[in-house]
Amino acid sequence: MTVLAYEIMTPSIKAVPQSWTMDRLARFLTDNEITGSPVTDDSGEIVGIATLKDITEFRWNASRQDTEQGSEPRLTADEQQEARRLRMAIFEEMGKVPVEVRDIMTPSVLSVDEQTPVREIADIMMREHLHRIFVTKDDKITGIITTYDMLKLISDKEFTSRCA
């Protein structure tokens, strides 16, 4: 008998509003010991997902040096120094305006039906490089499956035998 999404999903979803600041999101994720959360709009509909990776990438991109050499013309040392000074001034000013979750979230929401076999879910998660996927019933989100939930399949002998 195949294991289905609803059997391994986590039914309680901790969603955050898109208007929260990035710092508030980081505290929320840390306090709840999770690495990502669905993002909701003003009407409570899920519009995306925000993760620790999104926060890290935003901060890294805001502070990194321009070391990539591509099709852009090479700058002189003075031009590079001036570009760095301007970039730092821009990011310093941006730092005064709180970055909201809507600014860093991934807006696409992938989901599977509650009756989807876990093998199919694993294929989707691997193909799309996902650590979490929403579970739906009648187009309403009823849960979430994370990589941790998938690992539980291996540690639970009954689930393991049903997946084989």
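Let us start with F28, which is buried, at a relative accessible area of 16%; buried means under 20% relative accessible area, exposed over 50%, and partly exposed in between, with a 1.4 Å probe and protein chains only. This is a predicted model, in which local features need pLDDT of at least 70, side-chain atom pairs count only at pLDDT 80 or more, and totals for chains, interfaces and linings use all residues. Residues are numbered from 1 along each chain as its sequence is written, and side-chain values use heavy atoms, with hydrogens and water left out.

Which ring pairs with F28? Rings of Phe, Tyr and Trp (its six-membered ring) pair if their centres lie within 6.5 Å; planes under 30 degrees apart count as stacked, over 60 as edge-to-face and the rest as tilted. By this rule there is one aromatic pair. W20 and F28 form that pair, which is edge-to-face, with 5.3 Å from centre to centre and 75° between the planes. W20 also counts as buried, at 15% relative accessibility.

I turn now to the sheet. Helices (H or I, at least four residues) and strands (E, at least two) are DSSP runs, numbered from the N terminus. Two strands pair if DSSP finds at least two bridges between them. Three strands make an open sheet in the order β1-β2-β3, with mixed pairing. Its edge strands, β1 (16-17) and β3 (46-51), each pair on one side only. The pairing of β1 with β2 is parallel, over two bridges, and P17 has T40 of β2 as its bridge partner.

Next come two backbone angles. Most residues other than glycine have a negative phi. E33, however, has a positive phi near 50°. This residue lies in the loop between α2 (22-31) and β2 (36-40), and E33 counts as exposed at 75% relative accessibility. H129 likewise has a positive phi, of about 55°. H129 is in the loop between α6 (118-128) and β5 (132-137), and is exposed, with a relative accessible area of 70%.

Finally, is D149 buried or exposed? D149, in helix α7 (residues 147-155), counts as buried because its relative accessibility is 2%. Its side chain makes a polar contact with the side chain of K152, at 3.0 Å. A polar contact is a pair of N or O atoms within 3.5 Å; within protein, one must be able to donate a hydrogen and the other to accept it, and residues adjacent in sequence count only if both atoms are side-chain atoms. Leaving aside neighbours within four places in sequence, D149 is in contact (heavy atoms within 4.5 Å) with I8, T10 and I144.
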